[in-house]
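Please look over the sequence and the structure below before reading on.

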Amino acid sequence: MGVAALVPVVANAAECPTLSAGDLFKVPNNSAVYLLNADMNRLYFPHSTVYKTWYEDFSGVVEIPNTCVDAYPAPASAPFGVNYRPGSKLVKVQISPSVYAVEPGNKKAKLGSEAVAKALYGDNWAGKVVDVADVFWPNYAGTGDEITESVPHNGMLVKTAASATVYKVMDGMRYMLDGSVRNA
């Protein structure tokens, strides 16, 4: 009977789709969506508002049988989930007033003052702040330098006054983005 119990798993394994790093998947009867990282580990999206900072809709999500999930293990160390897209939101942990910018590489960088936040993000900067539950805070696995000056930081999205072209800031340089930028 022990061998017979293995037969359905082997049969189902043949039905598993081939996924690659960067692919999105979910399993039947579960709304959670996962992203495969470069190591083919599955990262969860904590909720749809995080997902929507990266993707416009769910059309790229592949449904796989739950018997295939073990082929894509959870990471052994943080980050375990996907964070807000750099440049899309400012974040804070619910129990602290400190506000952070989201930077590439799952980093957070503390904004040094309200004056800096206002200079970088405008008068309505506080409306861009989202509370992150304690359970998801470790997904911000790195900490960038504190932002103490009104200078665009890594991951920040900027555009010139003369054009609608959007640039991403990285290491003090701006790079034009391909495609459209969503107003998340």
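Predicted model: local features only at pLDDT ≥ 70, side-chain atom pairs only at ≥ 80, totals over all residues.

Residues are numbered from 1 along each chain as its sequence is written, and side-chain values use heavy atoms, with hydrogens and water left out.

Helices (H or I, at least four residues) and strands (E, at least two) are DSSP runs, numbered from the N terminus. Two strands pair if DSSP finds at least two bridges between them. An open sheet of 4 strands has the order E3-E2-E1-E4, with mixed pairing. Strand E3 (42-44) and strand E4 (61-63) are at the edges with a single partner strand each, so one side of each has no neighbour in the sheet. Strand E2 (residues 34-36) runs antiparallel to E3, and 3 bridges join them. In this pair, Tyr34 is opposite Tyr44 of E3.

There is 1 disulfide, a pair of cysteine sulfur atoms within 2.5 Å. This disulfide links Cys16 and Cys68, with an S to S distance of 1.9 Å. The link is left-handed, with -95° about the S-S bond. Buried means under 20% relative accessible area, exposed over 50%, and partly exposed in between (1.4 Å probe, protein chains only). Cys16 is partly exposed at 26%, whereas Cys68 is buried at 2%.

Leu90 has Ala101 in E6 as its bridge partner. E6 also pairs with strand E7 (residues 107-110), again antiparallel, over 4 bridges. Here 3 residues lie between the two strands of the hairpin, and Gly105 in the turn has a positive phi of about 80°. Val102 has Lys108 in E7 as its bridge partner.

In a regular strand the side chains alternate between the two faces of the sheet. In strand E6 (residues 100-103), Tyr100 and Val102 point one way and Ala101 and Glu103 the other way, and all are buried.
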